[in-house]
Amino acid sequence: ADQYTLPVNFTADTMSDEAFKLVGYKNFRRNNPRTDRFPIHRFHHIEFWCSDATNVYKRFQMALGMNLVAKSDQSTGNSAYASYALQSNELVFAF
């Protein structure tokens, strides 16, 4: 059986409030070993995939006051796609 399929007897009627009860951070237990946490020291950047990178980067730049540090678009000779990078201290967003 595929690990992502529900049991045959699983229906909306068999779901109980206990199955979805909020238990808080201290009492939380993971049931899926594929979701275990791992140590992260830092991220290089966070990349947002969007259909209109030019519009999105300008909105983020205006709202968060981030600086444009890199771009690749028609003005740089890239006619295939547009890509922009905004930076604020160590935080880098790529669109």
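User: Which strand does strand 1 pair with, and in what sense?
Analyst: Strand 1 pairs with strand 4 (residues 91-94) in the parallel sense, over two bridges, where strands are DSSP runs of E of at least two residues, numbered from the N terminus, and pairing requires that DSSP finds at least two bridges between the two strands. This is a predicted model, in which local features need pLDDT of at least 70 and side-chain atom pairs count only at pLDDT 80 or more, while totals for chains, interfaces and linings use all residues. Residues are numbered from 1 along each chain as its sequence is written, and side-chain values use heavy atoms, with hydrogens and water left out.

User: ok, and what stands opposite isoleucine 46?
Analyst: Opposite isoleucine 46 is phenylalanine 93, which belongs to strand 4.

User: What's the strand order in the sheet?
Analyst: The order is 1-4-3-2, in an open sheet of four strands with mixed pairing. Strand 1 (46-47) and strand 2 stand at the edges with a single partner strand each, so one side of each has no neighbour in the sheet.

User: Switching topic, where does aspartate 73 sit?
Analyst: Aspartate 73 is placed in the loop between strand 2 (67-72) and strand 3 (83-88).

User: Is that one buried or exposed, and what's the nearest opposite charge?
Analyst: Aspartate 73 is buried, meaning under 20% relative accessible area with a 1.4 Å probe and protein chains only. Aspartate 73 has no salt bridge, and the nearest side chain of opposite charge, lysine 71, is 4.4 Å away, whereas a salt bridge needs a side-chain nitrogen of Lys or Arg within 4 Å of a carboxyl oxygen of Asp or Glu.

Note on methods
Buried < 20%, exposed > 50% of the residue type's maximum accessible area, 1.4 Å probe, protein only. Lys, Arg positive; Asp, Glu negative; His and termini not counted.
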